[in-house]
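Thanks for passing this one along. Here are my notes, point by point, to read alongside the coordinates.

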Amino acid sequence: MIIPRRWHWAIHLVLILGVITTLVPFLFTMINSIKFFKDIAAGSLIFEPTLVNYERLFFSKQASFHKNVTNSLLIAFFTTISVLVIATLAAYSLERFKWSRWLTGILGSWILLLHIIPGVTLVGPIYLMFRSLGLYNNLLGVTLVHTLINLPMSIWVIQSFIQELPCELEESALIDGCGYLGSFIRIVVPLIAPGLAAVAVLTFVFSWNEFLYALNLTSMNTATIPVAIAKFAQQYEIRYGEMSAAAFVATIPALVFLFVAQRQIVKGLTLGALK
Amino acid sequence: MATGQPTADKTQGCAPTPHWQKTFPQQVDSLFKYWALIPLLLMLLVFSIIPILQLFRMGFSTVFFEEGQVKWFFSGLDNYYTFLSDEVFSIALYNTTLFVVVTVSIEMILGFILALLASNLRRGSGFYRTILIIPILVPAIAIGTVWRLMYNYDFGILNQILKFVGLPAQTWVADPNLAMLCVILVDVWHWIPFVFLLMLAGIESLPIEPLEAAQVDGASIWQTLCYVIVPMLRPTILVTLMFRTIFAFKVFDEVYLLTGGGPGTRTEVVSMFINRVYFQQFRWGYGAFLSLVTIALIALFVILYNRFIKSRSLA
């Protein structure tokens, strides 16, 4: 806006430098994941590509990575569903109905507090609670916690989408005999679908990425992908190839969503932070 | 955060209650606003209010497992005394503060500059934004893995570059003097895109007229930046700053993978330390006490920060 046209080549230069810095670590990992160990260790640029790391990751005898992928998918999927239901209902109720000031005030501050405190402060009591409820080492337990930590941002995003709707639409639905639930499901939900898509994508990705709770609330057969990768890294036996392959597999949803739903991601991230 | 503000009563204000409900019992439907909120309240109660109340109970107890059963003993201020003599926690607090100040400053400045540059482009800023979003969406653990391989002594790309330039190879994360720097570098790489994204959205939503007026009045680029863009962008900058500060304080994943808090206590941060107290030392009571201290510190920061902003904007 303020920099003259003739300098635009310099802007492109700086931003391309940024793009390269962003991409090099990923390319380096991707390339390592299709190298034999000897090529990784030698740091050679010319090598014979191989899929042996992926094979070992998924199909070797002690491999459990396919299990981790299934766990991550299940947890992320059900987290997304429950966040969508809970957050949409709550956001609608808070946004469109009269609530006393102190209730919205306290609820708002509590949601904000939940969003800003480090997860590690709650993981202790939640762990003890889950041990006694049988939710420890249980996919349901992780799903519930992931739902909780994704609620604040989702509620804010959905609220701001509802704010943009003119209330005359719901009003006429009510006059036509729709009822509150009816006008919510038939009028509001379809109209805020783009917002719900943004929330769904971000919740899925954040649940897929979450590490701290997954680390402490799961063990062997319920571990998610990040937990499995961390285990790889801690083993003394060096398995760089498989580590790279696993890291690459873990980034796939992010890349897919980036191409499919870039607009929603940008909107969701911006609204979730700046609202 | 608009959630704290009272919400206008739009539907009830402008619409009558339906009198001819057929498909859904009217009594239930008229209570819609209550039961729509119940799932959220239940989630908050069970997984955040009860755990925080538990923290207070645990923080003043000794808690341990015996034959799979949790045992509690009230131990008064024992955890408080442990806390007073705990040097590692103060080191962790110091490291975290250092980490937050350095990473957030770099991220804010570079993110802002990049956004400012990109906002000048009529075409192509979409492409840059697409690529730069990638790190935000990728698991922090995968990023830790990626950088761990980059920092590798034998084949990491950084040592290859050093070798190429003719400098001695470094041990990076294993070097006490470099470890913190390595972690900071990863965090900066990870989160500049986030600042960039928010700043770009902020700049793009600014009205164009003041900028044009400044140009007509013959303001230099520097003057336009300082007296027009930055003041108009102030709310975005302040919110981004607060969120980045708070999230940088939470740092866990990358540290866990890159250094594990080492060498020694060089990269020990608050989240790592509390996690260690809980799940490696099994000192549940003391971990709860430290959690309470951490929550109090963060709440204090947010309150002071907001008060500071308000006092500045009134002046």
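1. A polar contact here is a pair of N or O atoms within 3.5 Å; within protein, one must be able to donate a hydrogen and the other to accept it, and residues adjacent in sequence count only if both atoms are side-chain atoms. By that rule, 11 residue pairs (both at pLDDT 80 or more) are in polar contact across the interface of chain A and chain B.

2. A word on the source: this is a predicted model, where local features need pLDDT of at least 70, side-chain atom pairs count only at pLDDT 80 or more, and totals for chains, interfaces and linings use all residues. Side-chain values use heavy atoms, with hydrogens and water left out, residues are numbered from 1 along each chain as its sequence is written, and chains are lettered from A and ligands numbered from 1 in the order in which they are written.

3. How many residues does the contact take from each chain? It takes 112 from chain A and 115 from chain B, contact meaning heavy atoms within 4.5 Å.

4. Zero salt bridges are found between chain A and chain B (side-chain nitrogen of Lys or Arg within 4 Å of a carboxyl oxygen of Asp or Glu).

5. Thr145(B) is buried, because its relative accessibility is 0% (buried is under 20% relative accessible area, exposed over 50%, partly exposed in between, with a 1.4 Å probe and protein chains only). Beyond neighbours within four places in sequence, Thr145(B) touches Ile229(A), Met243(A), Ala247(A) and Leu257(B).

6. Gln160(B), at 24%, counts as partly exposed. A polar atom of the Gln160(B) side chain lies 2.8 Å from the backbone oxygen of Phe155(B). Leaving aside neighbours within four places in sequence, Gln160(B) is in contact with Gly43(A) and Phe155(B).
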